[in-house]
Amino acid sequence: MELSPDSIILWQTGFAKLNITIVLTWLNMLLLTVGSVLVTRRLRDDGKLSRWQNLLEVLVSGIEQQIADMGLSPPREFLPFLGTLFVFVLFANLLAVVPGYRPPTGSLSTTAALAISVFVAVPWWGIRRRGLRGFFGLYIQPSIFMLPFNILGELSRTLALAVRLFGNIMSGSMIAGILLSVTPLFFPVVMQLLGLITGVIQAYIFAILAAVYIAAAAKVQLVREGAGQGGSHG
């Protein structure tokens with residue numbers, strides 16, 4: 001049994017390889033793109049909403065509310081990035097019910113790429129909100145002697161973000177495979193149902209942690225904005 005879909009090689013020449021992770025990742029992106037175009041091509045604002053538009057608005061409103069609850073304001077600014085992360089991970093995990101499908105999130109290379117995108121997004125928004133000096137000043141708080149520890153903490157939480165998602169999805173696939181060989185009918189169905197729940201939870205946790213990391217980088221700016229508004233009212 002393969003621990004990761006990376007080991008399933010579809011084509012190789014020299015050092016260049018095309019594995020099932022790359023193919024399924026691009027297939028997921030293609031399906032999400034086509035689905036988004038189909039769902040959004042006939043949006044209406046006259047009260048006569050289609051079922052798909054209703055579902056889309058519930059999903060977008062829910063993600064937007066979660067972003068606002070994390071202290072990220074305005075939430076629309078962060079919605080494209082965090083919403084895309086959540087929908088991609090959720091879609092990849094839910095497709096695991098399809099026989100023969102190996103979720104790309106069961107590959108450490110995919111989860112590492114997602115975690116690196118969060119790692120880049122944190123300073124991107126942190127510098128925009130705090131400024132270059134204010135953001136990098138966080139690494140020498142409460143004293144300059146904490147610099148190496150703060151850098152290690154930044155790297156370790158990115159690694160933990162990747163390993164957490166990879167470990168949960170990979171272990172679920174492994175357990176389902178083992179039970180399938182022991183009892184081919186009952187337990188695999190139960191495990192697939194549990195896998196769906198786990199997939200939704202893991203997508204939620206990944207997006208929430210990304211929002212928390214970004215919110216930590218923008219926190220001072222929010223406090224300043226609040227203080228400024230309080231001062232103007234006074």
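Buried here means under 20% relative accessible area, exposed means over 50%, and partly exposed is in between, with a 1.4 Å probe and protein chains only. Helices (H or I, at least four residues) and strands (E, at least two) are DSSP runs, numbered from the N terminus. This is a predicted model: local features need pLDDT of at least 70, side-chain atom pairs count only at pLDDT 80 or more, and totals for chains, interfaces and linings use all residues. Residues are numbered from 1 along each chain as its sequence is written, and side-chain values use heavy atoms, leaving out hydrogens and water.

**Whole chain**

Colour by secondary structure. The chain has 7 helices and 2 strands. Along the sequence the pattern reads β-β-α-α-α-α-α-α-α. Of the 234 residues, 30% are buried. Contact means heavy atoms within 4.5 Å. Among contacts with a separation of 6 or more, 68% join residues 24 or more positions apart.

**Helix α4**

Select 108-130, which is α4. Which residues of α4 are buried? They are T110, T111, L114, A115, V118, A121, V122, W125, G126, R129 and R130. Now check the length. The expected span of a helix is 1.5 Å times one less than its number of residues. Step past the end of α4 to G131, where phi is positive, near 95°.

**The nonpolar cores**

A nonpolar core is a set of buried Ala, Val, Leu, Ile, Met, Phe, Trp, Tyr and Cys residues joined through side-chain atoms within 4.5 Å. The largest one has 33 residues. Show L72, L82, V118 and I214, which have the most contacts inside this core. The elements giving two or more residues to the core are α2, α3, α4, α6 and α7. The biggest contribution, 10 residues, comes from α7 (186-233). A second, separate core has 5 residues, among them I20, A92, L95 and Y101.

Centre on L72. Setting aside residues up to four places away in sequence, L72 touches I67, F78, L82, A211, I214 and A215.

**Helix α2**

Select 51-69 for α2. This helix has 19 residues and reaches 27 Å from its first C-alpha to its last, close to the 27 Å expected. Its buried residues are Q53, I63, E64 and I67. They cover an arc of only 105° around the axis, which puts them on the same side of α2. That arc is taken from the directions from the helix axis to the C-beta atoms. Part of what covers these buried residues is α3. After α2 comes G71, with a positive phi near 90°.

**Two cis peptide bonds**

Move on to S73 and P74. A cis peptide bond joins them, with omega about -5°. P74 sits in the loop between α2 and α3 (75-94). Then jump to Q141 and P142, also joined by a cis peptide bond, with omega about 0°. P142 is in the loop between α5 (132-136) and α6 (147-182).

**S171 in α6**

Select S171 in helix α6. Is S171 buried or partly exposed? Partly exposed: its relative accessible area is 30%. A polar contact is a pair of N or O atoms within 3.5 Å; within protein, one must be able to donate a hydrogen and the other to accept it, and residues adjacent in sequence count only if both atoms are side-chain atoms. A polar side-chain atom of S171 lies 2.8 Å from the backbone oxygen of G167. The backbone oxygen of N168 lies 3.0 Å from a polar atom of the S171 side chain. S171 and S4 are 167 residues apart in sequence and 10.0 Å apart in space, C-alpha to C-alpha.

**N28 in α1**

Select N28, in helix α1 (residues 20-40). N28 is buried, with a relative accessible area of 0%. Beyond its neighbours within four places in sequence, N28 is in contact with F88, F91, A92, L95, Y101 and P104.

**Annotated spans**

Finish with the record. UniProt, in an unreviewed entry, places the feature "transmembrane region" at residues 20-39, 78-101, 107-127, 134-153, 165-187 and 194-216. Its positions are given in the numbering used here, feature names are shortened, and annotations may be inferred rather than shown by experiment. Residues 20-39 are 100% helix and 0% strand, with end C-alpha atoms 28 Å apart. Residues 194-216 are 100% helix and 0% strand, with end C-alpha atoms 33 Å apart.
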